[in-house]
Amino acid sequence: TVHEVDLFTIGAGGAAYPAAFLLARAGLRVVMADTKGVMSGNCLAEGCVPSKSVREVAAHRARQRRFSPWGLPGELPVDYRKVVAHKDRVQKDRYDQHAREMAEVPSLRLVAGRARFLDDHTIAVEGNRGEERYRARHIIVASGSDIVRPSFPGADLFLDSRDFFALNPVLTERPSSLVIVGGGYIGLETATMFHALGTEVSLIEKGPRVLSGMDSAMVKELCGLLDPGIRILRGATVLKAEKTDSGVALHYRVGESSPEVVHAEKGMVAVGRRPVVPEGFEGIGGEVGPHGIVADLSCQTSIPHIYAAGDVNGISPLFHSAVRQSLVAAHNILAGGRAVDAFNPAAVPVTVFTLPEAAWVGLVPDEAHRRGIPFVTGRYDFAEDSRAQILGETGGGITLLFEPGSLRLLGGTIVGVDAASLVGEIGLAVAGRLTARDLAHFPDQHPMAAEGVGKAARTLV
Ligand code: ADP
């Protein structure tokens, strides 16, 4: 038998379920398929939520340590098993919450199994009870992304982010030392959190700088604030890894110099994620490019009734972008395939949850230079900020980019205190097309770092 449905989603993560709920509530027959058999994808399984559950403990410990020069209690002792238990509890609570949300919409079904295309309307799902077939009027491919494992000899001795952050993870004890291969956001976040938990950390990056692709001025400012105890090796090529009595040895070379070795109790690889294109998609004529399934900002693929949302289309591989794109696809499906809604990549907040954190939204200086877009900047240093002084975290600041003349806000970068929160406020102002005058006239709260948004704007008004 072939089940007839109105919407079929491949995957049940952030790119799938917002659309699934919306269309199911609108009375359509909706089925989501996910190999995990649960809703919420990799963000909850091994990404944002569990990594931040560990990171916040590390951040509290680092903050407590900063209070100690003033005679306040010094660093918290850390029992990493309890940190893992906290992380697992957060994940379980959220899985339970999602199960309750699903139960409220009986017309929405989630099937466990791997989905593949048979033709452009027919999907087979291979589950543990065999294969089921679905014929769908509309399809959202929301199959996300997966960890890239590097291929150097001995790489299999190294853990990856799943081993650190999945429910009941492989890593249950805090290693005394850790070597990380890859200086992207996952590698650098993990480096700073484990360093703050007391682990000796080395990070190997093959390129000339960490966080490649992100704004260079922001990255430079962030790197100046990272704890100098974190050993970062740039321009380093990994040669091989070996097992030792005490853990792993990683052999590498910087430029043409002679090979060197780092020893650590544990190793981690964090060299990126790649989109997961479901089997059969290319066979039915779906277009796939270097960043994943080709979709426009209405999330439509080269096959009009098939949409691609989230990490799989490579447009903006972030959970909140996936959620927005899912709703974009849903709105366009409800409009009969017309592009009535579109994803706006120009106002998406992004945070690197290092200690301290760095964040940006919209236009950043490197991109403005590359695209020849003129701008003027307003700047606020956290050195003069009351909240930063209260916390003893006075490094960094807020840089806002405005259109010359109109002083319309185009984007901004933040390094330091509360960056992850501030970038949301700045992003909303970009999306709402506010100007430096609007920001300057808003009486933002004292004594919070958000005051700095108005103060940065006031340097131009
Ligand atoms: P996004 O944030 O874009 O939704 P995620 O990676 O969080 O991406 O979620 C994608 C989900 O899709 C994951 O839970 C993954 O296991 C699942 N998935 C990937 N490929 C398939 C497939 N062919 N069939 C069913 N589920 C899939």
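Reader: Which backbone oxygen does the side chain of Ser143 reach?

Author: A polar contact is a pair of N or O atoms within 3.5 Å; within protein, one must be able to donate a hydrogen and the other to accept it, and residues adjacent in sequence count only if both atoms are side-chain atoms. Here the Ser143 side chain comes to 2.6 Å from the backbone oxygen of Val276. The model is predicted, with local features requiring pLDDT of at least 70 and side-chain atom pairs pLDDT 80 or more, while totals for chains, interfaces and linings use all residues. Residues are numbered from 1 along each chain as its sequence is written, and side-chain values use heavy atoms, leaving out hydrogens and water.

Reader: Is Ser143 buried or exposed?

Author: Buried means under 20% relative accessible area, exposed over 50%, and partly exposed in between, computed with a 1.4 Å probe on protein chains only. Ser143 counts as buried because its relative accessibility is 18%. Its place is the loop between β6 (130-141) and β7 (145-147); helices (H or I, at least four residues) and strands (E, at least two) are DSSP runs numbered from the N terminus. Contact means heavy atoms within 4.5 Å. Beyond four places in sequence, Ser143 is in contact with Ile10, Val276, Val277, Pro278 and Val312.

Reader: How should the length of helix α3 be read?

Author: The expected span is 1.5 Å times one less than the number of residues. The 20 residues of α3 (48-67) should therefore span 28 Å, and the end C-alpha atoms are 28 Å apart, in agreement. An α-helix has 3.6 residues a turn, so residues three or four places apart point the same way. Among the buried residues of α3 are Val54, Ala58 and Ala62. The buried residues of this helix pack against α2 (41-46), α4 (80-103), α5 (161-165) and α6 (185-196).

Reader: In what order do the strands around β12 lie?

Author: Two strands pair if DSSP finds at least two bridges between them. An open, antiparallel sheet of three strands has the order β11-β12-β13. β11 (236-244) and β13 (260-264) are at the edges with a single partner strand each, so one side of each is left without a neighbour in the sheet. Five bridges join β12 and β13, and His251 has Val261 as its bridge partner in β13.

Reader: Which side chain forms a polar contact with that of Tyr252?

Author: The partner is Arg231, at 3.5 Å. Tyr252 belongs to strand β12 (residues 247-254) and counts as buried because its relative accessibility is 0%.

Reader: How many residues surround the ligand?

Author: A residue is near a molecule if one of its heavy atoms lies within 4 Å of it. There are 23 residues around the ligand, and the closest are Asp34, Thr35, Lys36, Asn42 and Ala115. A side-chain N or O atom of Asn42 is 2.6 Å from a ligand oxygen. A polar backbone atom of Ala115 lies 2.8 Å from a ligand nitrogen, and a backbone N or O atom of Gly14 is 3.2 Å from an oxygen of the ligand.
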